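Good morning, colleagues. Please bring up the sequence and the structure, and I shall take you through several parts of it in turn.

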6 protein chains.
Amino acid sequence: MDLTVEEAAAELNKGFQTLEILQKDPAVPVWFIYLNRPAQRNALSLPFFSELPRALALLDRIPSARALVLSARGPHFCSGIDLSSLKSISSSSDDDRAAAAEELRRRILDLQSAITALERCRKPVVAAIQGACIGGGVDLVAACDIRCCEDKAYFAVKEVDVGLVADLGTLQRLPKIVGFGNAMDLALTGRKVSAGEAKAMGLVSRVFADPAKMDEGIFALAKELAAKPALALMGTKAVMMKSRDMAVEKGLDYVATWNAGMLRSRELEEAVLAKLQKRKPNFSKM
Amino acid sequence: MDLTVEEAAAELNKGFQTLEILQKDPAVPVWFIYLNRPAQRNALSLPFFSELPRALALLDRIPSARALVLSARGPHFCSGIDLSSLKSISSSSDDDRAAAAEELRRRILDLQSAITALERCRKPVVAAIQGACIGGGVDLVAACDIRCCEDKAYFAVKEVDVGLVADLGTLQRLPKIVGFGNAMDLALTGRKVSAGEAKAMGLVSRVFADPAKMDEGIFALAKELAAKPALALMGTKAVMMKSRDMAVEKGLDYVATWNAGMLRSRELEEAVLAKLQKRKPNFSKM
Amino acid sequence: MDLTVEEAAAELNKGFQTLEILQKDPAVPVWFIYLNRPAQRNALSLPFFSELPRALALLDRIPSARALVLSARGPHFCSGIDLSSLKSISSSSDDDRAAAAEELRRRILDLQSAITALERCRKPVVAAIQGACIGGGVDLVAACDIRCCEDKAYFAVKEVDVGLVADLGTLQRLPKIVGFGNAMDLALTGRKVSAGEAKAMGLVSRVFADPAKMDEGIFALAKELAAKPALALMGTKAVMMKSRDMAVEKGLDYVATWNAGMLRSRELEEAVLAKLQKRKPNFSKM
Amino acid sequence: MDLTVEEAAAELNKGFQTLEILQKDPAVPVWFIYLNRPAQRNALSLPFFSELPRALALLDRIPSARALVLSARGPHFCSGIDLSSLKSISSSSDDDRAAAAEELRRRILDLQSAITALERCRKPVVAAIQGACIGGGVDLVAACDIRCCEDKAYFAVKEVDVGLVADLGTLQRLPKIVGFGNAMDLALTGRKVSAGEAKAMGLVSRVFADPAKMDEGIFALAKELAAKPALALMGTKAVMMKSRDMAVEKGLDYVATWNAGMLRSRELEEAVLAKLQKRKPNFSKM
Amino acid sequence: MDLTVEEAAAELNKGFQTLEILQKDPAVPVWFIYLNRPAQRNALSLPFFSELPRALALLDRIPSARALVLSARGPHFCSGIDLSSLKSISSSSDDDRAAAAEELRRRILDLQSAITALERCRKPVVAAIQGACIGGGVDLVAACDIRCCEDKAYFAVKEVDVGLVADLGTLQRLPKIVGFGNAMDLALTGRKVSAGEAKAMGLVSRVFADPAKMDEGIFALAKELAAKPALALMGTKAVMMKSRDMAVEKGLDYVATWNAGMLRSRELEEAVLAKLQKRKPNFSKM
Amino acid sequence: MDLTVEEAAAELNKGFQTLEILQKDPAVPVWFIYLNRPAQRNALSLPFFSELPRALALLDRIPSARALVLSARGPHFCSGIDLSSLKSISSSSDDDRAAAAEELRRRILDLQSAITALERCRKPVVAAIQGACIGGGVDLVAACDIRCCEDKAYFAVKEVDVGLVADLGTLQRLPKIVGFGNAMDLALTGRKVSAGEAKAMGLVSRVFADPAKMDEGIFALAKELAAKPALALMGTKAVMMKSRDMAVEKGLDYVATWNAGMLRSRELEEAVLAKLQKRKPNFSKM
């Protein structure tokens, strides 16, 4: 996608069917992506899977977006994948099983790619979770960079109960977040995990007392992120993503190679200078 | 092992030297495997290492077994590997060190394979741990899918204290369950970990107040697992096992390929139908 | 480095510019490495990066060192990398960017190698952390085997705030210690982590009430390690390090091959014999 | 890209700036992609890198395309990357080196992705090479499935001579095709490799006597591929691509999982039936 | 399989349905495994897949077997997998596709495991190939250690032509033997490869003028292998197998660890002594 | 090693016990490293293993060395490892097998590291091989970047014949150079490979008619390498080395990150300028 900044902003303004996207305060370079089908408890439908990566690609282009928040309208974050959309996928072309299987495989890869767009996005994405976060909702937040929730939120890897093997990333990402033992327990039993237990096992970083407090706290956190040196923030995310699947030694070589080209930035100079001058540093946009 | 279901059941009935294997309630498709040498605090002897994989292969064949529990007779779960059996292994053929080393290596690989049989088994295995779980006992439960214990249980990676480098899987599996820092601490110090600390670091998922409560709770948990769609359960376990050692992206491709062939099962239809009809779903056996 | 034991000891006695190295009690085979620039809050300077690996290589040679403690003089453990040393690195040879980048890459690899020396050292290294542990300090302790701190200690992956992508190992090692979610949170936000939270997420194994209690407790812990069978201790550390980046199955084969040659040690015999004779075992030096 | 077959065909008809794409014979499901800037010896310009993946995605959708040929107009296959386009990439935003480096990295990843589209395409791609195939041309053909050339063709990994480290795939793919020793030799020396030597080291599968013979032979080969069972062909390509970077054991599990869902196709039945009935099998389109 | 040497020999004598196994000369520790269904051109049937691993495990136990030859009765080595056996696999349990797919996956894994037994066998296996070696025959020989053929032999990865994705190892092992380019060409086109071309691409090490010459030459080669130090031979095979899927650095550590326990063998002493005494060395059995 | 250029040159001048190191023509930035124990057919002794890495580190520092040649005095390149040195390694500390094994492992790792220094060296190393290249000699040249030999040269992976598992890199590097099948054949049989066969299987890139022609040809080749842009040459070697053990996709990301920092060099500008001005480019030193 090779749009100019203006074209990207215009595209964003056209609106989305399953998402609401907005910058709450034009002076603050933080953008919010809301799952916006509260009547369906934000069940993930097929249009969502094409709108999310498009939205992220656009926001990646826009300098006024330096931190992103993935949130949801209504009392619940997400009730999982929309089973009717699943039906349309799995029932297609029944006349030859093998061809149908091949097509199904490609469709699943496409859905996965929509979720992985959260990791590909250069800017940090904070998930703000209220109420239920179930099935596909867990796949979704597992691909965000920082997860926070309110006190009544709960999580459940529910796929097994409807006869599914979760295939949007939970089985791959959760073990690295909460440990293999906890992840296997959650995936086999589908049991509810409260906000408190989620915090204890590392699934969320922070629990807020209620949704209102969370809105406030998340905005503050995102603002803080948005004020940090953009290149260093983006580099940190990218290097951690790449190092996740590498031997430690290879990850070390990777970050050395990264910094070889990107260390001597103005941001370092500005940070050091600001410290000496005892003022707030002022970082350019990405 | 290509036995019919009947042959497998008959084999199971012949009994085991170090294990007791039983289905507590013929109406409930849950089977129990008990370590059954309480006088030796269930120390792992050589026969155990051939009986465990055989038992698991048989139970894997039997449709009436849809969830397994690994438990132990007596006050302690397991005091570790039987040092006398170790002696018989390490002292063999002393006349040529290199040949002896080669034979020793093969024997260790065989012992490891017996433990790994817990992961190869398609059905979920829940460990129920009371009293001491030491040395080889930790290797054993680290290969189970879900670990629970009672309040007085404790764990110790004790090998280093008898001059051994633990070689049955603890050093490989523990870091992925409790994190690398905790695992290194436990493996170097051999210190006792209480039930509470075990829960906090993710080594167990649940702590029951006492052994009796644990028996009850574990049976309930296993029953619940046994009532879930068998194919989805098995697929979830298999995909998590395979994804554990893969890059996230490769794990995503793997599960897409898995579901391409195995998503459109009757289980999904039954699960969705049951939901609509507001009744309990009824899943076929594996 | 192929020194005799005597030469190594003599080298150690010559002293270090940024470190203080001492054996507190000649009867106890525990050595302490102190970061020794308290006036600079133990900021990591260029000489430190050549002194640390040299010290570790020497201590690795000396039989009277069976456990090591990495500690710090003054109220704070470490305030991170010395920005002036960073400057000398990054500003060199400005006339050709690409050549400068290549040189910078090699220098970073050298700095990393100094930290990794903690993992290469065959003997266990315990980190004792008081006060602030910031930026490069986190890189440093993440490469130690066991981490303990006192109640007022705190941690912060601060690099992003000065425009840097942390390149000394935190981004690679932290996710394996505290989970990927916690690690990403800490690395992006740079927020302070208290001793209590550090314990809860597995960053430290033990929290002591105050620095004095920590000194005492750490010495006791190190003494305990030093009394264990040296070969088994060293083998456990080495096997865990190698297995960290391997598939479980490959790690199992590796430890089987390791033990094939190194299992039948006198240590095992002594440990078993001591147990039978109900006396304390007596292990030889490494 | 979620176009219908008709939309894809219409898109293809709109034409390309750097490519010519055509189906020579409407009765034969083989499509040709010609590099079409003979006056510039088919140097790879920026538009090429967006047109190639687009063309491949469209052809992937069209059932009448069952095998693809990558070929070139004019006496030479490809003289490498267009240095002027390189200039526009590398000189952008000179005011901050680090930001420029980050942008450059993303641009290179985009260029690479255009080449990798050849591997992502489900259908087999045969490269037909005449004259010079230099620099970026080698990157290009290294990502094709089968490589053939005419007798006067020659290859050179020329990047090093213009001060570049080849970054479009040659350094990664060539060692797996011709062995690490041959690949290092070619990449360091930039020397010319004749058609004969290319055949001997496995860089091409077939050498034709002259361009005309090659046209004929390639068309016959592509026709033959196009007549094979489409699902099996696609599955073979996909499994080989995935297995390339996996341990043998993981690759075996992957293909077992693939075939679990896709083995029982009508193609197998048709192939066996045709054999029994001694007639040519008739396979459906992909 | 924990048989004594005598039990293993007795088992071998009971005979096999699809194999003929014999030691041609009791004084020469070389055993031959013949594919023995010449009337079916040695098509691989289901019994073969359980007999081959059993035979190899028995021969692995027998000291009089120090080198193995895999050969075939009749004019052709192997015409591939027996399609009727494939039918019995793929048509089972048609009533639920997903369950059938899961069962099929396990069956394929079993078939693969039978082939991989050639690699697991500690002793070297030489393949002697005459006439046609097609489909499953290529999977089979790709898992042998050394491949030789006679002048009229030819090879074809034929699976694609009957609508199959080869799933017994060819797609994984062939690229490492003949390079990725050659392997992709053979797998997509299914074309015949002559003995000469097979030699040129590294698929076979030696081509003999005719089957009789091959019998002679192979026996000589196997005798030579059988006379070499058994531990070193076995170690070399094992280390190469393990290193195949490891980074070079990890493979180096692995072999260092291997030799740490197995280097100081009597074989080295005998080899050096024999050299000094200018006599043939005399190595003990494995 | 942090020497200035002058110190490095002075060190080089002090001379070596097992090597002769010289710059044949002060005007040509090519240096030769000769194995210099012709009376022992250049058997690799313990001093060699410390001198080689030291020499390479020094030459890496010296701008007048832009290409290196590894060659040998006398009629034979190398007869393998010196068995007497091996003896001193393996017989040390016989009183405790496990401790001896641990020490042996470290010593082997040290020897390996000396060979790997050839890969770590940033500058290209060309091996020029005459006469016999046996055992350790093959390990040595397998770590060079380009291998050439004269017509009478031959190669043999001879370790197995003296009861050894080759542990200096041949078993890891050879399969990637000549393919897994050829490498297994050579390693199990220890058979002689002539110059012609070595060329055919990719073990050497060029065969010269006799040693004199080789001297001439190698000097010309090294001169040519020395005239190329140094940064691009070094980058190409480093990227190929790193990519060897990475998935293709990770290797692509690595080289993109490399070039992000190191693409915009003066060398590219000079190369393009020289082309336009039709003169020979003039590249700065490394």
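This is a predicted model: local features need pLDDT of at least 70, side-chain atom pairs count only at pLDDT 80 or more; totals for chains, interfaces and linings use all residues.

In helix α6 of chain D, the buried residues are D:Thr170, D:Leu171, D:Gln172, D:Arg173, D:Leu174, D:Pro175, D:Lys176, D:Ile177 and D:Val178. Buried here means that 20 or more other C-beta atoms, placed from the backbone, lie within 10 Å of a residue's own; with 12 or fewer it is exposed, and in between partly exposed. Helices (H or I, at least four residues) and strands (E, at least two) are DSSP runs, numbered from the N terminus. Since 9 of the 9 residues of α6(D) are buried, this helix is largely enclosed by the rest of the structure. Just after α6(D), D:Gly179 adopts a positive phi of about 90 degrees.

Residues are numbered from 1 along each chain as its sequence is written, and chains are lettered from A and ligands numbered from 1 in the order in which they are written.

In total, 43 residues of chain D are in contact with 34 residues of chain E, contact meaning C-beta atoms, placed from the backbone, within 7 Å. The chain D side divides into 22 nonpolar, 11 polar and 10 charged residues. In this grouping Ala, Val, Leu, Ile, Met, Phe, Trp, Tyr, Cys and Pro count as nonpolar, Asp, Glu, Lys and Arg as charged, and the others, Gly among them, as polar.

Let us turn to the core. The largest nonpolar core has 662 residues, and A:Val126, B:Val126, C:Val126, D:Val126, E:Val126 and F:Val126 touch the most other members. Such a core is a set of buried Ala, Val, Leu, Ile, Met, Phe, Trp, Tyr and Cys residues joined through C-beta atoms within 7 Å. Beyond its neighbours within four places in sequence, C:Val126 has contacts that include C:Ala67, C:Cys144 and C:Leu221.

Finally, the arrangement of the copies. Chain B can be laid on chain C with an RMSD of 0.0 Å by a turn of 120 degrees and a shift of 0.0 Å along the axis, superposed by least squares on the C-alpha atoms of residues with pLDDT of at least 70 in both. That is the relation of a three-fold axis.

Notes: Two residues are in contact if their C-beta atoms, placed from the backbone, lie within 7 Å.
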